[in-house]
Protein chains: 2
Amino acid sequence: MIKHMNAIPIKNVTIDDSFWAKRQKLVRETVIPYQWDALNDEILDSEPSHTVENFRIAAGELKADYYGQVFQDSDLAKWLEAVGYALSVKRDEKLEAIADGVIDLLERAQQDDGYLNTYFTVAKPGKKWTNLRDDHELYCAGHLIEAAVAYYEATGKRKIIDIMSRYADHMVDVFGTKPEQIRGYDGHPEIELALVRLYHATGNNNYLELSRYFVEERGQEPYFFDIEESGRTEHRVARRKADYFQAHLPVREQKTAEGHSVRALYLFSGATDLAAEYNDLELLDVCKELWKNVTRKRMYVTGGVGSNEYWESFTVDYDLPNDRAYTETCASISLMFWASRMLQIEADREYSDVMERVLYNGILSGISLDGKSYFYVNPLEVWPSACDIREDLRSVARTRQAWFGCACCPPNIARLIASLGQYIYSYNERELEWFVHLYIGGNAYQNIGGQQVQLTQQSNYPWDEHITLTVSAEQPAEFTIALRLPGWCKGAALKINGEAVNLATYKGYAKIKQVWHNSDRIELVLPMTVEKVRSNPKVRENVGKLALQRGPIVFCLEEADNGDNLRDIRVSASSEFTVSYEDGLLEGVVVLNGGACRTDETSYDDNSLYTTVPFDSTNVQVKAIPYYAWANREPGEMLVWLHEHV
Amino acid sequence: MIKHMNAIPIKNVTIDDSFWAKRQKLVRETVIPYQWDALNDEILDSEPSHTVENFRIAAGELKADYYGQVFQDSDLAKWLEAVGYALSVKRDEKLEAIADGVIDLLERAQQDDGYLNTYFTVAKPGKKWTNLRDDHELYCAGHLIEAAVAYYEATGKRKIIDIMSRYADHMVDVFGTKPEQIRGYDGHPEIELALVRLYHATGNNNYLELSRYFVEERGQEPYFFDIEESGRTEHRVARRKADYFQAHLPVREQKTAEGHSVRALYLFSGATDLAAEYNDLELLDVCKELWKNVTRKRMYVTGGVGSNEYWESFTVDYDLPNDRAYTETCASISLMFWASRMLQIEADREYSDVMERVLYNGILSGISLDGKSYFYVNPLEVWPSACDIREDLRSVARTRQAWFGCACCPPNIARLIASLGQYIYSYNERELEWFVHLYIGGNAYQNIGGQQVQLTQQSNYPWDEHITLTVSAEQPAEFTIALRLPGWCKGAALKINGEAVNLATYKGYAKIKQVWHNSDRIELVLPMTVEKVRSNPKVRENVGKLALQRGPIVFCLEEADNGDNLRDIRVSASSEFTVSYEDGLLEGVVVLNGGACRTDETSYDDNSLYTTVPFDSTNVQVKAIPYYAWANREPGEMLVWLHEHV
């Protein structure tokens, strides 16, 4: 078995800390109800959704036209999936009743053969499976399957699993290499990882096999999307290149992440699942090479990926412009999905470091502090005056929006936060190793040697460097606790029951193998110094620049604190930043205050655009806030990468 | 009279130096014949033109469809104008015969009422003057008028002046505030400045009045383009905002340069002409304010303007991204037109410095050394790998093209180089002041006090700092020679007949008033040190960066000399650059060689995209070439603004 461990599932994990618990509560109490209203078009002054209405029309209960994107169904799916996770954390009768109503509606909208997609049922009857490239049927199916698994695991109610199994059975019939089957695959990956989840929930091996088929068939010659297109008379969208769909090569021959970033990372997540399920070392090597390409050459310091607004795509190695960073929230989320999958195969902080980076930065920036507005695009630099007029910055929003015509991101971030529990711990059954990947306070349970062992984490992470873990077990139990020592941390220290322990680390994890007794207490200190981060000098955009990071949090400057023309602020590698927690600011954040310099305005002639006279500098105090919290005050400039004053 | 002086016309100026004479010869012997072939579709593997063919169709001599842009006629007009200037410099029977043939063709294509536009004659009969906003009739008319004046002044042949006067008379009838007239104006300014030229050539005041009408009417309420549009059933192009056409406000109320950059600067050139003609101080103040906005807030160090590819437009103050600099060659040329017009009103190096800057950099980069290929877009930074994939860099070419579907730039640069003689000197009749704006070797003649006085300039400019001017006059003559001391120059020194003279300067001109005798000799030294130029710190893009300039020449680094990842090269303000002329390189250029540093590749882990470990630097030698000469070798990276190593 190449897969070493399994994530400890949400049901066995409680989050009880000062940072995430309130966000999970926000998702449960505000975001999920708010998004339900959005899906029902009850939010004033926002983009319409019609998502629920489309299902009513498909069920024959309402006469109206289909409205929305071809993948509108997936918004409801992701919402339902978030509900599943929320119920895993805390049952809620009222919410469950709404969700059960949605599931009943799905059943009524399902066709006799199991097919379930409102766009084709309502708008294109008779045309199903005729445009896999553009029309997102398998994508929507995948999200519905993920929702089904989440809801079933939370509630034990099989209905939605049965609905989606019928749909999956239909797909098993339709797709494959037999003469009567469609030898095709999806334009937007998602079904691949979803079918693996459905296989785990049901034990039906057909679903795993179908997932494998989709991954292996992709990119083979003759090129399916050409064959498919030649059979269509209607051409709804402009022809895109094969690499947009990651179908330019068979997956096993891909070495770089190309095309639409969310599609790419959903595909790679599915491929990683299959490598694990089939013990496929060759496919794992492909995933590792792709992982290196993404995270070592094409990822922002925030964990954001996909630097190109056009086609929402990857571009070339080291092309990471900050003001035009597209870095869709969904792409960040998909990177976390993939990281978590790679991590279960191999406990290497290579993966968990990225997971943490993108979680606290590129993902969290996607949602406002009040949970009611969202960024689709997450730039690392914003100069509003230029954004107002430049077409090449047209996608850069200065404020989060209430909803979107293409509303993939809001429910995606909701399901991610609701499911956060499952990213914290893994357990290696064979070696009896309990891995701690993320430092998030709360409890987790794991059956070890026949008894439920509990691990309680306490910390004020990500603001504070002290983490305490306490074991609760009726009987002493021998197992390993493996603690991630984050890549950003220098000088981690560990005590067990008050006594310092030497850290023996393997791939970034400190492993403590011993007999654990009830109330055994681990104190971990992960010194959170303010770090000045540099990019690989091949990142042309960031040459001569520094980013501020403390712990997992990447910081930025905002105009609200520092005035405008933030690029003119220069920070020295040696400048000291004081760390302080401001309770009243941005719902409580650590801020960094430090000395910097900027041009002395009296030292240059503002009537002159170019000069040979050097400018004088003047010392200024700058204040940096966590990147994720930007744009929660008045709109203005924002900057992550600061010029270094040498 | 607010206008102080007049340019000494081409006919009285001979260029005989090592830099421009060969370029004028290139235009005469290569570019004009090459472009004639292009206009006749005889260049293989380039965009088709059909320009001459369109005129044959309009003349009823060929049955075919109109082909090309609505402004295709202007390509022939600018070519003919260039021919006029070339003939002013040197008569050429064969070329004149071709041009006379073109003029005969224009006459045959002209309608009975004087109207002359092949697009409407061939493709839209009956629709003339119905879409002034989009269809460029007045723009094409303006270019034909400029061609007519140039050809007439060169050859003394009136035919083309008569043709265009008939056309202008027709316009005088059609446009204005009388009830039966169209109360409109052009979408693309050009006619304004052209009518002033026709007025000077013919003395017909109607043309001057019509120009004034166009400028004054522009931007008035009710908004003409709306009225015009409401009368059309056909909507060929997407609605653009009024500021795209500089019609968002009456010209006298405009304070910033908005919209399409070429349109803006042609308009401002025309407005400057009118300010001069009507002694209109208020309009001159408007022009001065616009001038300051353009040159102090919206101009690249190369003199390029219009930083936005979308709508080829100005954006906001200090928004000057280097890799996305649009800086169309035509926009640079139009800045030179405007600068020269401002300069005749007021001898201030504010204007002539800009004229020189844009000439030697942003304009000259538009044409290859062999004269056969052209840049439409002139960026200040190119990273080919990113240009290959990024839509926001789609307009950035790495190599000059042979021709364009929209081929405005090639003939524009041809006419500019052919007419260069007229930008060098001015004469103030009232004060008897002979101004030298540009240091270009050759002779010029001016009638002073009844005799022809000649000034001979000798230099190896722009490479060498020594300039010699010699007076030739049969009789001693008292007048002032006013020499521009360029803004880039510190420590200019002057000798007259070997004796050092103190420099008394006024607005950047050293004025020497005396009785000049035959063979009087002025030796001017303009020390050409290598300067490190900085931008106003509000130019966010260039904070912490330097550009290299020597004399009027802005330098750049190319990959061919310096390897890739040019952004990683850092130059210190104190680093010494040696200046050497390389005869065999790029047809002879001065290059700068100096010390810089770049990241020591052994000091960082290339597997890590982000690190807290500072990198070591290593010393490297860099070689900078003149910006105008880039992209004449193998394609690769190019960079003007270099990181400063403090």
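This is a predicted model: local features need pLDDT of at least 70, side-chain atom pairs count only at pLDDT 80 or more; totals for chains, interfaces and linings use all residues.

Q: Where does Pro462(B) lie in chain B?

A: Pro462(B) lies in the loop between β7 (451-459) and β8 (466-472) of chain B. The peptide bond that leads from Tyr461(B) to Pro462(B) is cis, with omega near 5 degrees.

Q: And what about the peptide bond from Tyr461(A) to Pro462(A)?

A: That peptide bond, from Tyr461(A) to Pro462(A), is cis with omega near 5 degrees. Pro462(A) sits in the loop between β7 (451-459) and β8 (466-472) of chain A. As background, most peptide bonds are trans, and most residues other than glycine have a negative phi.

Q: On phi, then: what is phi of Asn497(B) near?

A: Asn497(B) has phi near 50 degrees, a positive value in a residue other than glycine. Its place is the loop between β10 (493-496) and β11 (499-501) of chain B.

Q: Is Asn497(B) buried, exposed or partly exposed?

A: Asn497(B) counts as partly exposed, at 44% relative accessibility. Buried means under 20% relative accessible area, exposed means over 50%, and partly exposed lies in between, with a 1.4 Å probe and protein chains only. Ala631(B) also has a positive phi, near 65 degrees, but at 13% relative accessibility Ala631(B) counts as buried. Ala631(B) is in the loop between β22 (617-626) and β23 (638-639) of chain B.

Q: Changing topic: which residues is Arg390(A) in contact with, leaving aside its neighbours within four places in sequence?

A: Contact means heavy atoms within 4.5 Å. With those neighbours left aside, Arg390(A) is in contact with Ser307(B), Asn308(B), Thr315(B), Asp319(B), Pro321(B) and Arg324(B). Arg390(A) lies in the loop between α15 (384-389) and α16 (409-418) of chain A, and its relative accessibility of 2% makes it count as buried.

Q: What joins the side chains of Arg390(A) and Asp319(B)?

A: A polar contact of 2.7 Å joins them, Arg390(A) to Asp319(B). A polar contact is a pair of N or O atoms within 3.5 Å; within protein, one must be able to donate a hydrogen and the other to accept it, and residues adjacent in sequence count only if both atoms are side-chain atoms.

Q: With which side chain does Asn542(B) make a polar contact?

A: The partner of Asn542(B) is the side chain of Ser535(B), at 2.9 Å. Asn542(B) is found in the loop between β15 (530-535) and β16 (545-550) of chain B, where it is buried with a relative accessible area of 3%. Outside four places in sequence, Asn542(B) is in contact with Asn322(B), Ser535(B) and Trp641(B).

Q: Now the helices. At what angle do the axes of α8 and α9 of chain A cross?

A: The axes of α8 (residues 191-202) and α9 (residues 205-217) of chain A cross at roughly 165 degrees and come within 7 Å. That makes α8(A) roughly antiparallel to α9(A). Axes are lines fitted to C-alpha atoms, for helices over the stretch in contact, and angles run from 0 to 180 degrees between N-to-C directions. Angles under 35 degrees count as roughly parallel, over 145 as roughly antiparallel, 65 to 115 as roughly perpendicular and the rest as oblique.

Q: How are α2(A) and α4(A) oriented to each other?

A: The axes of α2 (residues 51-58) and α4 of chain A come within 8 Å and cross at roughly 45 degrees, and the two helices are therefore oblique to each other. Val52(A), Phe55(A), Arg56(A) and Ala58(A) of α2(A) make the contact with Leu105(A), Leu106(A) and Ala109(A) of α4(A).

Conventions. Residues are numbered from 1 along each chain as its sequence is written. Chains are lettered from A and ligands numbered from 1 in the order in which they are written. Side-chain values use heavy atoms; hydrogens and water are left out. Helices (H or I, at least four residues) and strands (E, at least two) are DSSP runs, numbered from the N terminus.
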